[in-house]
Each structure stands twice: as structure tokens, then as C-alpha cells.
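Visitor: I would like to go through this structure with you, one topic at a time. Could we start with a loop and then work towards the interior?

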Amino acid sequence: MDKGLSRRNLLKGSAAAALGAVGSSAIAKLSASNSSDNVATSYSEYAGTPRTAPEKGRAGANDKLVLGLIGCGGMGAANMRNLMNFADVEVAALCDVDDSRAVQDLKDVEAKYGKKPDFYKDYRKILDRKDIDAVIVGTPDHWHALNLIHAVEAGKDAYCEKPLSHHITEAVGMAEAVKRHNKIVQCGTWQRSTKEFTDAIDYVRSGKLGKIVLCRAWINDGTRLGRKQPSAPPASLDYDMWVGPAEFVPYQENRCHWNWRWWMNFGGGLSTDWGVHMIDIALLGMSKDQDLVMPETVSSVGGRWAFADDDRTAPDTLETIFRFPNPDFALHWSINRDHPGKEGHGTEFVSADGRTVRVWRGGWVILDPAGKEMPKEEAPAPPSHWRDFIDCVKSRQQPRAKLASVAQTTICCHLANAAMYSGETLHWDNAKQDLMGKAGRDTQSYTRPYRKGYKMPNYRPA
Ligand SMILES: NC(=O)c1ccc[n+]([C@@H]2O[C@H](COP(=O)([O-])OP(=O)(O)OC[C@H]3O[C@@H](n4cnc5c(N)ncnc54)[C@H](O)[C@@H]3O)[C@@H](O)[C@H]2O)c1
């Protein structure tokens, strides 16, 4: 059963649990182990343990769920800490290709459960373990598709970070894999479980704002990576495995941990990093449930126009217009420097008569056409995003950010980048889950070949 984002569903959904705030933000000497050679086409072809999905029974309401973390030290670990707040969760194993990133996480897990968790550098070792029910995928975007697809092939449920993928064809394949393996996957778009966003979405969906003709979503970008030279990777890091399926480039400090998001080889810039949060809210507000409205055309202009002395490859400036049918409306996505009088990020819904609902992390307002605040309607806070994941793994209901839905938002974010790089208006065929025509297909936001030794499993929808 699918859970929409309506208040009704929130309240009758999983048990609310108090939860803390999100814990968030040379030429390369190749690593001695050329681990990429071991990464097979699909999990079932992995040369390790013969693959059969773990036969562990479905967890009952009081059973403990045993989790493994893939990707330490950042948002994956923040998710793990949020999940460790629940008495029916235990963390058994951690994995990172960089030992140094796991040190604090290993200590914290040991302090919590009184025993040292196992640590691996190869995520497939976690997937081989029959005692692990679910994994948290907290790796950089270019690894999500392989981590997640291999996890569901190994019989695991997952909490998978956003954006779901490095490019469009991966997102389509991930959704199909989760469907075929019948797994529960909650995605890291936690705004879907946060009061200001659910209040604003409820209001828009109620029809009280009237007919919506325009949505806006934006993020201000002041990030500077500066200039760096390639250097030898740290001894703790298996850099070859970190690059994984992406094109191999030498290690450079400002394109590895955290900074990868501003390199199109590994991430998608702010369109995917923040677009997947703010565009998501616009799509949810304009949809009846988690099956999101999708655009028919997308046009963008932008580039690296603002920061001259910087290594980033992702655009620092972008203006995108999506055109949606049924209902007819436009969505304006913007990466820029500032929005006077507004938060540095947000989403707006504009009605035919000029009223606006604006929402950001921390609040929401309804404005009349003159910009004066109008009375708003509020409801109790929704259950925590992480509790929802655990409850849905147990009940087999769909969580509030189910993978198929966040895949739709992720595709929209990649379309914004693909339209910019192609310089053409792109046409999305939602029935075929593909671009119509040639425009956009030669961008790496649409697809790209995997590096030798890696292959995306074939989950093209029938
Ligand atoms: N939901 C949110 O609000 C939110 C916030 C921040 C980041 N994120 C997302 O979380 C993900 C991680 O982002 P981050 O900022 O924590 O990145 P990060 O670079 O800080 O951490 C990622 C970790 O994954 C490790 N890693 C890389 N490849 C691996 C592999 N094959 N196996 C195991 N470990 C591997 C890296 O060594 C690193 O320690 C990204 O997808 C990002 O978009 C989400």
C-alpha cells in the first residue's frame, strides 16, 4: 500500500518517534588492490558466496532489525545515528573504502551496543551477511546504483541517500530493480517527513490556494572549491574503488570526500544535490500522491559563469523551465547567487490569482498578491522519516519517500542538467521512461558507460 503525503496518512502511518535533527554535511598512485576488477555485472555474478537471497523471515513488530552502513563519515552515518535511537534497531557492520572515515562511527556503534561492529572495505561483504536485514547507502552519487541494486538482489531492504543516481538511466533501472525484487526502500529526501513541508503541501493539495500555474524552486550557491593539483591518495583510501564505475581521474583532494558533488563525473552539482529536495516538494504539491507529475519538456541555460578561479565542473548558475501537462503549469528551477527577501533555498507555488505558498527549511507562508501574509493551517508534526523506514520494513507498506517516487524527482533534476549541456529543449516520454528523440542523449546526465570492470545490471522496464 502506498502512503501519500497527506496529513491523514501521516497520522495513521507509523508510530511517531521523537528524533534528533538530521546530523547534517600526482598523478594518483593506484591502490595496490585493483578492486574494480572484482565488481561483477550483477550481485548474482559476484564470485564470492553463491547468491541466494537471505531467507531470514519478515521481522515482526517487536523484532530487531539488523542494519549495515555502506559509506561512513557523512550523511550515511547521520542516518545510522538517527536509526540507532530506536530500540528495535541494531547496527552490525560498517563499510567504507577509506578506513579513516569510519573511526568515529565504529566507536559510536561499539559504545551503543557494547560490541565492536564488523568493518569491511568492500560493500559486498555486508551484502553477503545473512544476519543483516537492511543497508544504509551513504556513498557518493556515482556509487548508489550499484550499491542499491546489488543490495536488493541480495535480499536487503535499504535506506538510500538522494539523489538516487548519477544519471537518468540508472534511476530508471534502480526503480525497476526494487520493484522486481519487491524490496522496501526509503530515500533520503527527509523533507517529506518535516512539518513545514507537509503543512505547505497539504494546503496546496487542498485546493485552497486555487489553480496553481507556476512553481519555483531555488538554491543559492556560494560554494568554492578553489584550485588544487592531483596528488597521491591517502594511505587509508582505496581510491580506485572510490572512483568505482565513474571515469578514472587522478586523486585530487577537492574532488574526493564531500567535494565530489561539484564534479559532474561523480555528482550533478546543485541540481541534483539540492534540486532533489526542493523540486521534490513542488512535484509532491502538484501530485495526488507519491506517483509524481512528470514534465513533457525541459529547457535550461547556465554554466560556470560566476566563479572563475575554481576547479568545479558543475554549473554555478542555472535557469531551467519545466513544462507540465495535466495540470498545465511551469516549474522554474534556479541555481544562483541570491534571492533578496527569501531564504537561500525554497519552493513556491503561485496561483492563477497571484497568491503564493512559499516553504523552506524552517517555515512556510501564504502570501496574498501584494505579498501580505495570510492565515495558514497547521497540523501535528509527521512521524520521523527514519522511524517510517523501520516501520515500513516491518509492515511491508511503502515508505513516505519510496524509491519509485524519488526516482521521478531525481530524473527531473538530471533533465535540468541534460537540457543545459545539450542546449536543446528535451522531451520526456513518461510512459517509456525515456527521452524522446536525440536531444540530451549525449550528455552524461542521461547516461554514460561504466568504467572497465563495472557494469550496470540490466533492469530496463519491459
Ligand atoms: N539527505 C540529505 O539531506 C543529505 C545530506 C548530505 C548528503 N546526502 C547524500 O548522502 C550521500 C553521501 O554524501 P556525503 O556528503 O556524506 O559524502 P561523503 O563523501 O562525505 O561520504 C561518503 C563516504 O562514502 C565512502 N565511499 C565511497 N565509495 C564507497 C564504496 N564503494 N563503498 C563504501 N564506501 C564508499 C567514502 O569514502 C566516504 O567516506 C550523497 O548521495 C549525498 O547526496 C544527503
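**A conversation about the model**

Guide: Asparagine 326 is exposed, with 9 other C-beta atoms within 10 Å. Please note that this is a predicted model.

Visitor: Where is asparagine 326 found?

Guide: Asparagine 326 sits in the loop between β9 and β10. Its phi is near 50°, a positive value in a residue other than glycine.

Visitor: And what kind of peptide bond runs from asparagine 326 to proline 327, cis or trans?

Guide: That bond is cis, and omega is near 0°. Proline 327 also lies in the loop between β9 (317–324) and β10 (329–336).

Visitor: Why point these out?

Guide: Most residues other than glycine have a negative phi, and most peptide bonds are trans.

Visitor: Which residues does the other cis peptide bond, with omega about -20°, join?

Guide: Lysine 162 and proline 163 are joined by that cis bond. Proline 163 is in the loop between β5 (157–160) and α6.

Visitor: What about phi of glutamine 433?

Guide: Phi of glutamine 433 is near 55°, which is again a positive value in a residue other than glycine. Glutamine 433 belongs to the loop between β15 (426–429) and β16 (434–436).

Visitor: Is glutamine 433 buried or exposed?

Guide: Glutamine 433 counts as buried, because it has 20 C-beta neighbours inside 10 Å. The cut-off for buried is 20 or more.

Visitor: Changing topic: how many helices and strands does the protein have?

Guide: There are 12 helices and 16 strands in the protein. Of its 462 residues, 50% count as buried.

Visitor: Which members of the largest nonpolar core touch the most other members?

Guide: They are Leu69, Val135, Ala158, Met174 and Leu403, in a core of 107 residues. Helix α12 (residues 403–422) supplies the largest share of this core, 11 residues. Domain 1 (7–192) and domain 2 (194–381 + 405–436) each contribute at least three residues to this core.

Visitor: Which residues does leucine 403 touch, leaving out those up to four places away in sequence?

Guide: Leucine 403 touches Cys160, Leu164, Met174, Ala175, Val178, Val185 and Cys187.

Visitor: How do α6 and α12 pack?

Guide: Helix α6 (residues 168–181) packs against α12 at an angle of about 175°, and the axes are 9 Å apart. The two helices are therefore roughly antiparallel to each other.

Visitor: Which residues meet there?

Guide: On the α6 side they are Ile168, Ala171, Met174, Ala175, Val178 and Lys179; on the α12 side they are Leu403, Ala404, Ala407, Thr410, Ile411 and His414. The residues of this contact divide into nine nonpolar, two polar and one charged.

Visitor: Why does aspartate 368 count as exposed?

Guide: Aspartate 368 is exposed because 12 other C-beta atoms lie within 10 Å, and the cut-off for exposed is 12 or fewer.

Visitor: What is aspartate 368 in contact with, leaving aside neighbours within four places in sequence?

Guide: Aspartate 368 is in contact with Arg355 and Met374.

Methods. Residues are numbered from 1 along each chain as its sequence is written. This is a predicted model: local features need pLDDT of at least 70, side-chain atom pairs count only at pLDDT 80 or more; totals for chains, interfaces and linings use all residues. Helices (H or I, at least four residues) and strands (E, at least two) are DSSP runs, numbered from the N terminus. Two residues are in contact if their C-beta atoms, placed from the backbone, lie within 7 Å. A nonpolar core is a set of buried Ala, Val, Leu, Ile, Met, Phe, Trp, Tyr and Cys residues joined through C-beta atoms within 7 Å. Domain bounds come from an automatic or database domain assignment. Axes are lines fitted to C-alpha atoms, for helices over the stretch in contact, and angles run from 0 to 180 degrees between N-to-C directions. Angles under 35 degrees count as roughly parallel, over 145 as roughly antiparallel, 65 to 115 as roughly perpendicular and the rest as oblique. Ala, Val, Leu, Ile, Met, Phe, Trp, Tyr, Cys and Pro count as nonpolar, Asp, Glu, Lys and Arg as charged, and the others, Gly among them, as polar.
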